[in-house]
Amino acid sequence: MSLAQKTRPAGKPRAAFGTREREPRITDEHGRRVRGWELALRYLLLLGVLALTIGPFLWQLSTSLKGPTEDIFSSPPKFLPSDPTLHNYERVADTIPVWDYALNSLKVAAANVVTNCVGAALAGYALARLRYRGRRVATLVFILAMLVPVEGIIIAQFTTMRELGLNNTLVGVLLPGCVSALNVLLMRNAFLNLPYEIEEAAFVDGANVWQRFYRIALPAVKGTLAVVAIFAFMGAWDDFLWPLIVLSDPSKFTLTIGLNYLHGTFANDERLVAAGTIIAVAPLIVLFACLQRYFFRGVGEGAVKG
C-alpha cells in the first residue's frame with residue numbers, strides 16, 4: 001500500500017490528477033449560488049432593519065434605567081446608563097394607578113382573545129368546510145369589512161354603544177372588536193388547507209359536524225389559533241382611540257389612556273415616559289415569547305391558500 005493510500009481518509013474518494021476538490025457553495029432556497037458580496041449585503045440589510053425596529057425599544061429601555069442626575073440629551077448620546085436604577089418605574093406607579101389601568105387592559109385583552117379565537121374558528125370553519133348557499137357572498141363580506149377604515153365607522157359604533165347603554169364600560173370597549181374579519185379569514189385559509197379525506201373518514205365513522213370541528217379540524221390549526229390570539233391581544237392592548245372615546249370614568253381607563261397622563265403632566269421627564277412605555281410593552285413581549293413556536297407554524301398554515 002502506497003503512502004498516499006495510507007494517509008487518505010477511509011471512505012473518501014481520491015480526486016483525479018490535476019484537479020482540486022470543490023469548495024462548498026452557498027446557495028439560496030432555489031439552489032442558485034450566492035456570491036460572497038451578495039451574502040454580505042443581505043446581512044447588512046438585515047442588520048439595518050434590526051436596528052430600525054429594535055433600536056427605539058432598546059433606547060427607551062436605556063432611558064428608563066437612567067437616574068435623575070444623568071443627562072439623557074448628551075452629545076454624543078450615551079446608550080448604556082452609567083448608574084442603572086428602577087426608581088423611574090416606582091415613580092410611574094406613584095404618579096398614576098398604572099397597575100389598575102394594566103388590569104383593565106388585561107381584562108379587555110383576555111376577553112378579546114377568547115372571543116376572537118372562538119368566533120373566528122367557528123366562522124372560518126363554516127366558510128371553509130360547510131356547504132350552503134351564500135358561502136361565497138359571506139366570504140366577500142368579510143373581505144370588504146377589512147377595507148372599511150375604523151375612523152369611518154367609529155361614530156356609528158359610539159352611537160350603538162350609547163343606545164345599548166354600554167358607554168363607559170369595559171364591555172363597550174370589547175364589543176366592536178370581539179371578532180375581527182382578518183382573524184376569520186386567517187382561520188378560513190387554515191381550514192382550507194386540511195385534507196377533505198380526514199373529515200370524510202370521520203363522517204363515515206358517524207361523527208357529526210361539531211365532532212369533526214372540535215376533534216379533527218381544530219387541533220390541526222393550533223398554529224393559526226396562536227396567530228389569532230397574538231393579533232387579538234395586541235389589538236386590544238394597544239388600542240387608544242376607541243377606549244378614549246367610549247370611556248369617561250378614570251377608574252375604568254385602560255393602560256394606553258392612563259399613560260397619556262405622563263405626557264401631559266410630566267412632558268419634560270422623558271425617563272418617566274420611557275418607564276411607562278416599557279411597562280406597556282412588556283406583556284406583549286412575554287406573550288410572543290410564549291407563543292412564538294405556534295406563531296411561526298401558524299403563519300404557514302393560514303397564508304398558503306386564499
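Guide: Let's begin with helices: helices (H or I, at least four residues) and strands (E, at least two) are DSSP runs, numbered from the N terminus. With that in hand, T85 sits in the loop between helix 2 (36-64) and helix 3 (87-95). Keep in mind that this is a predicted model, where local features need pLDDT of at least 70, side-chain atom pairs count only at pLDDT 80 or more, and totals for chains, interfaces and linings use all residues. Residues are numbered from 1 along each chain as its sequence is written, and side-chain values use heavy atoms, with hydrogens and water left out.

Visitor: Which residues does T85 touch, not counting residues up to four places away in sequence?

Guide: A contact means heavy atoms within 4.5 Å. By that rule T85 touches S64, L65, K66 and G67. Take L65: 20 residues separate L65 from T85 in sequence, yet their C-alpha atoms are 5.1 Å apart in space.

Visitor: How do I read whether T85 is buried, exposed or partly exposed?

Guide: Buried means under 20% relative accessible area, exposed over 50%, and partly exposed in between (1.4 Å probe, protein chains only). T85 has 25% relative accessibility, so T85 counts as partly exposed. E199, in helix 9, counts as buried because its relative accessibility is 10%.

Visitor: What does E199 touch?

Guide: Leaving out residues up to four places away in sequence, E199 touches Y125, R129 and R212. R212 brings us to helix 10 (residues 209-217), where R212, F213 and A217 are buried. Looking down the axis of helix 10, those buried residues fall within an arc of 100°, so they line one face of the helix. The arc is that of the directions from the helix axis to the C-beta atoms.

Visitor: What covers the buried residues of helix 10, and which exposed residues are on the face turned away?

Guide: The cover includes helix 4, helix 8 and helix 9 (196-204). On the face turned away from the buried side, you'll find the exposed residues W210, Y214 and R215.

Visitor: What happens at the start of helix 10?

Guide: Here we need polar contacts: pairs of N or O atoms within 3.5 Å; within protein, one must be able to donate a hydrogen and the other to accept it, and residues adjacent in sequence count only if both atoms are side-chain atoms. At the start of helix 10, a side-chain oxygen of N208 comes to within 3.3 Å of the backbone nitrogen of W210. Over in helix 6, where T160 is found, a polar atom of the T160 side chain lies 2.8 Å from the backbone oxygen of A156.

Visitor: How many residues line the largest pocket?

Guide: On a 1 Å grid over the protein atoms alone, a pocket is an open set of points where a 1.4 Å probe fits, with protein on both sides within 12 Å along at least five of seven lines; lining residues have an atom within 4 Å of a point. The largest pocket is lined by 29 residues, and V150, Q157, P176, G177 and S180 lie nearest its centre. Helix 6 gives the most to this lining, with five residues.

Visitor: And what about N168?

Guide: N168 is in the loop between helix 6 and helix 7. N168 is buried, with a relative accessible area of 18%. Its phi is near 65°, a positive value in a residue other than glycine.
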